[in-house]
2 protein chains.
Amino acid sequence: MGDSTRQPSQRSEAPVSPPVQRNGPAQRIGRAPATTHGELSHIAITLFLERGFDRTTVDDIVAAAGIGRRTFFRYFPSKNDLPWGDFESLLAQMRAHFATADPHRPLIEVLRQAIIEFNRFPEEELPHHRNRMRLLLNVPSLTAYSTLRYADWRRVIAEFVAERRGELSEDLAPQTIAWACLGLCLGAYEQWLVHDDADLLALIDDAFGTAEAVFTVADDPAGVRP
Amino acid sequence: MGDSTRQPSQRSEAPVSPPVQRNGPAQRIGRAPATTHGELSHIAITLFLERGFDRTTVDDIVAAAGIGRRTFFRYFPSKNDLPWGDFESLLAQMRAHFATADPHRPLIEVLRQAIIEFNRFPEEELPHHRNRMRLLLNVPSLTAYSTLRYADWRRVIAEFVAERRGELSEDLAPQTIAWACLGLCLGAYEQWLVHDDADLLALIDDAFGTAEAVFTVADDPAGVRP
DNA sequence: ATACTAGTGACACCCGGTGCCAAACGGAAG
DNA sequence: CTTCCGTTTGGCACCGGGTGTCACTAGTAT
């Protein structure tokens, strides 16, 4: 440690109240953490965008963050995890959305709605979100790794679909639908990254519309909507 | 080299005809290769199924194959590539299929057909194919890596769809449809791996049917077919 | 002061992957 | 048989991501 250029983010900001016990959440005990997930992630993403993911080593990151290499791997299990935010809690939200969904709305509509909500971010976070997604969708090692994360996302979808259809979440239909939904999302994200002015949620909505149209066998030979 | 327990597969098998020039394809020149892709792949897959992918090191594989570690990486760019066959030539076949498809058949039907053909394997290869796919879909590092391969597969689909719809292959609809098709396939494969008696091609066909049904907004609240 | 504890970071090590280069091999030409 | 030439091999050193271990640091509580 002992590096400069670092802001321990929380502790060092308020020399206002001396070592007086704050009534806040549970007095810390033991040595103070050297950094935070958010700080590390931010530093790393900045470096990734500057020099590229592969040309940025973990040693570069820990040097920039002023922490030890071993410590880094206690905050993130792998370099690939750096661009990911708190995915788990987003999944929990989506599960909640499904749990409270009107059982009379058509399945496809509930899915469309839930997935759109899953991808709704406050406007001020959009630039950051775009940066993260640009990395995740363009850097091969991250693209590969993200598949493992998406598996959890798919499971949430599949479980809901299975419940609706009275099947098991491992059955063909729930699995297939979950895969297809993932595909729709990623297609929309790719468009979003290419077109700076596009609205992500509208793109997702469009993607669902496209799927609806294509998977409905029409008389139109080209498979295009009337 | 100088190891024992190895079968150089081709050369050493026919001491029938001495150093006589065979009219076959182009007399080799230079040192003879130590092994083949097929042999390496076979040895490795066997080890993977026995001891697990992660617990099998590249050193284990090269020891079993009786080649040098450096040589291994000239045959396969990475350990992850071992379970993959000649994917490129399969893609070429699919491209050809699309090229000769009846322009009056509905898009979705052409896709369904092409994808089914893509996954048609001779009966005697099915056990091997199942082994490979079991690895690819169950081992995390392979699952992750395969995403990069699937990207090529998706491109073939997207290019065909784009041509049919008079769009660019980077546009939303082609990308989305390609993603969805991939999802359908993987869903079917997962089922196939779980149910030993299942017919892969029928499962893929079913998957397309499911998608068709779900993505058609019905009056049925549960989103199930009538 | 002392004890306790969460967190840190140095070290050695494993594994996948790469650049480099000398040596092995095998056919063809002298 | 020897020499030349082209291909392939495989040893070596090195890099980067990731882990197990362990002593140490820096806080709180007594």
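α7(A) and α7(B) are oblique to each other. This is a predicted model.

**View 1. α7(A) packs against α7(B) across the chain contact.** Each helix spans residues 140-165 of its chain. The helices pack at an angle of about 125°. Their axes lie 7 Å apart. α7(A) passes α7(B) in a right-handed crossing.

**View 2. Residues where α7(A) meets α7(B).** From chain A come A:P140, A:T143, A:A144, A:Y145, A:T147 and A:L148. They meet B:P140, B:T143, B:A144, B:Y145, B:T147 and B:L148. What classes of residue make up the contact of α7(A) with α7(B)? Eight are nonpolar and four are polar.

**View 3. The side of chain A that touches chain B.** The contact takes 47 residues from chain A and 46 residues from chain B. On chain A, four helices each supply at least two residues: α5 (107-118), α7 (140-165), α8 (172-194) and α9 (200-214). Which of them gives the most? α8(A) does, with 16 residues. By class, this side of chain A has 28 nonpolar, eleven polar and eight charged residues.

**View 4. Chain A laid on chain B.** A turn of 180° and a shift of 0.0 Å along the axis bring chain A onto chain B, with an RMSD of 0.0 Å. That is the relation of a two-fold axis. Of the interface residues of chain A, 98% are also interface residues in chain B, so the copies meet through the same surface.

**View 5. α4(B) packs against α7(B) within chain B.** α4(B) covers residues 87-99. The angle between the two helices is about 10°, and their axes are 10 Å apart. α4(B) is therefore roughly parallel to α7(B). B:F87, B:L91, B:M94, B:R95 and B:F98 in α4(B) meet residues of α7(B). On the α7(B) side these are B:R149, B:D152, B:W153, B:V156 and B:F160. The contact of α4(B) with α7(B) has seven nonpolar and three charged residues, with no polar ones.

Conventions:
Residues numbered from 1 in each chain as written. Chains lettered and ligands numbered in written order. Predicted model: local features only at pLDDT ≥ 70, side-chain atom pairs only at ≥ 80, totals over all residues. Contact = placed C-beta atoms within 7 Å. Nonpolar A, V, L, I, M, F, W, Y, C, P; charged D, E, K, R; others polar. Least-squares fit on C-alpha atoms with pLDDT ≥ 70 in both. Axes fitted to C-alpha atoms, helices over the stretch in contact; angles between N-to-C directions. Parallel < 35°, antiparallel > 145°, perpendicular 65-115°, else oblique. Left-handed = near helix turned anticlockwise from the far one by under 90°.
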